[in-house]
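Biologist: I am new to this one. Take me through it, and let me ask how you know each thing.

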Amino acid sequence: MPELPEVEVVCRSLRKVLLGRRVQGFETDLPKLLKEPAEDEAYFQEHLTGQAITAIARRGKYILIHLEKGDILTVHLRMTGKLLYVEQSVPRGKHAHILMPLDDAHELRFDDVRQFGAFYLTAADQLARIEGLAALGVEPLEEDFTAECLQAMLAGKRQKLKAFLLDQHNIAGIGNIYADEILFQAGLHPETLAADVTLAEDILRLWQAIRDRLTQ
C-alpha cells in the first residue's frame, strides 16, 4: 500500500497538471469504489461536473482534491490504486474504473487492479463523515510533531512499537515498509512496548528516524 511519501509524491505530481483544470464529467464502471455518498455515481457526476480544481492536499494517506465551490474529492489509493493524468484519446485500460474528463483534452483516471480504492465527495466542513480521515493522528512531518509530542504519545501505551507506528490514530501515514526502516534506524526492537521507551535518547532517535525516513 502506498504510504505517506508515495502519496505525497502523487499529490505533488498532480498539482503540476490539475490545478485550474475544470472537471467535465464523471464515469465509473465500479460503483463500489464510491464510499460517500455510497455507490452514487449520479451524485458524483452532478457535483463534480463544471467545477475547477483549486488545490490538492494530503492528510495521512488520503489525497484531498479541493474544488471551487467548497467541495472536496477525497481519494484513498489503498493497495493498488493509481491516479493517472492521460490524454482522452488514450485507450482505457481494463483496470481504469473511474474516468474524469478535463477541459484540456486529458482525463484523470483511477486505475485499481485489486479494486480496494475509495472515493468520497463531501463539503469541506463535512470531512468528519469520512471515518478514517477524521480519526487520523498527528502529521509526522509537521512542525508540531516534536520529540516532546512523541514522548507524550508513547507514555502509557501498551502497544508494541511497530503496532504503535502503524496505528493511524497515533501518527498518520506510516505503513509497514517505513515502520521497519524507522525502527531499524532508531535501533529499537519492534516488539518493545511503546510505554517502555522512556529514555530521552531513545525517544529522540525514534523521532529523528521518523522524520528522516519519511523525508528521504
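Modeller: First, what counts as a helix: a DSSP run of H or I with at least four residues, numbered from the N terminus. Glu8 is found in such a run, helix H1, residues 4-18. Keep in mind that this is a predicted model.

Biologist: What makes Glu8 buried?

Modeller: Its relative accessible area is 17%. Buried means under 20%. Glu8 has 17%, so it is buried.

Biologist: Which side chain makes a polar contact with the side chain of Glu8, and how do you know that it counts?

Modeller: The side chain of Arg12, at 2.9 Å. The cut-off for such a pair of N or O atoms is 3.5 Å, so 2.9 Å falls within it. Leaving aside neighbours within four places in sequence, Glu8 is also in contact with Arg15 and Arg58.

Biologist: How many helices and strands are there in the protein?

Modeller: The protein has 7 helices and 9 strands. Its C-alpha trace spans about 55 × 35 × 30 Å along the principal axes. There are 216 residues, and 47% of them are buried.

Biologist: Which strands form the open sheet, and in what order?

Modeller: It has 5 strands, in the order S2-S9-S5-S4-S3, and the pairing is mixed.

Biologist: Why do S2 and S3 stand at the edges?

Modeller: Each has a single partner strand, so one side of each is left without a neighbour in the sheet. Strand S2 covers 34-36. On average, neighbouring strands of this sheet are turned by 25 degrees against each other, direction ignored.

Biologist: What makes S5 and S9 a pair?

Modeller: Two strands pair if DSSP finds at least two bridges between them. S5 and S9 are joined by 6 bridges, so they pair. They run antiparallel. Ile72 has Thr122 in S9 as its bridge partner.

Biologist: Which helices lie on these strands?

Modeller: H1 lies across S3 and S4, at about 175 degrees to S3. H2 packs on the sheet and touches S2, S4, S5 and S9. The direction of H2 makes about 55 degrees with that of S9.

Biologist: Which residues touch the most other members of the largest nonpolar core?

Modeller: Leu48, Ile63, Leu73, Leu83 and Phe119, out of 27 residues in that core. Elements that give two or more residues include H1, helix H2 (41-48) and strand S4 (62-67). H1 gives the most, with 4 residues.

Biologist: Which residues is Leu48 in contact with, beyond its neighbours within four places in sequence?

Modeller: Val23, Phe26, Leu67, Leu73, Met100 and Leu121. There is also a second, separate core of 26 residues; Leu4, Ile171, Ala186 and Ala194 are among them.

Biologist: Now helix H4, residues 147-154. Which residues of H4 are buried?

Modeller: Ala147, Leu150, Met153 and Leu154.

Biologist: How do you know that they are on the same side of H4?

Modeller: They cover an arc of only 120 degrees around the axis, which puts them on the same side. An α-helix has 3.6 residues a turn, so residues three or four places apart point the same way. The buried residues of H4 pack against helix H5 (161-166) and helix H7 (200-215).

Biologist: What does the face turned away from the buried side of H4 carry?

Modeller: The exposed residues Glu148 and Ala152. After H4 comes Gly156, with a positive phi near 80 degrees.

Biologist: Which residues have a positive phi although they are not glycine?

Modeller: Arg78 is one of them, at about 55 degrees. Gln115 has a positive phi too, of about 65 degrees. Arg78 is in the loop between S5 and strand S6 (81-87). Gln115 lies in the loop between S8 and S9.

Biologist: Why is Arg78 called partly exposed?

Modeller: Its relative accessible area is 26%. Buried needs under 20% and exposed over 50%, so 26% lands in between. Gln115, at 26% relative accessibility, counts as partly exposed too.

Biologist: Which peptide bond is cis?

Modeller: The one from Glu36 to Pro37, with omega near -5 degrees. Pro37 is in the loop between S2 and H2.

How values were computed
Residues numbered from 1 in each chain as written. Predicted model: local features only at pLDDT ≥ 70, side-chain atom pairs only at ≥ 80, totals over all residues. Heavy atoms only, no water. Buried < 20%, exposed > 50% of the residue type's maximum accessible area, 1.4 Å probe, protein only. Arc of directions from axis to C-beta. Contact = heavy atoms within 4.5 Å. Polar contact = N/O pair within 3.5 Å; in protein donor to acceptor, adjacent residues only side chain to side chain. Core = buried A, V, L, I, M, F, W, Y, C linked by side-chain atoms within 4.5 Å. Axes fitted to C-alpha atoms, helices over the stretch in contact; angles between N-to-C directions.
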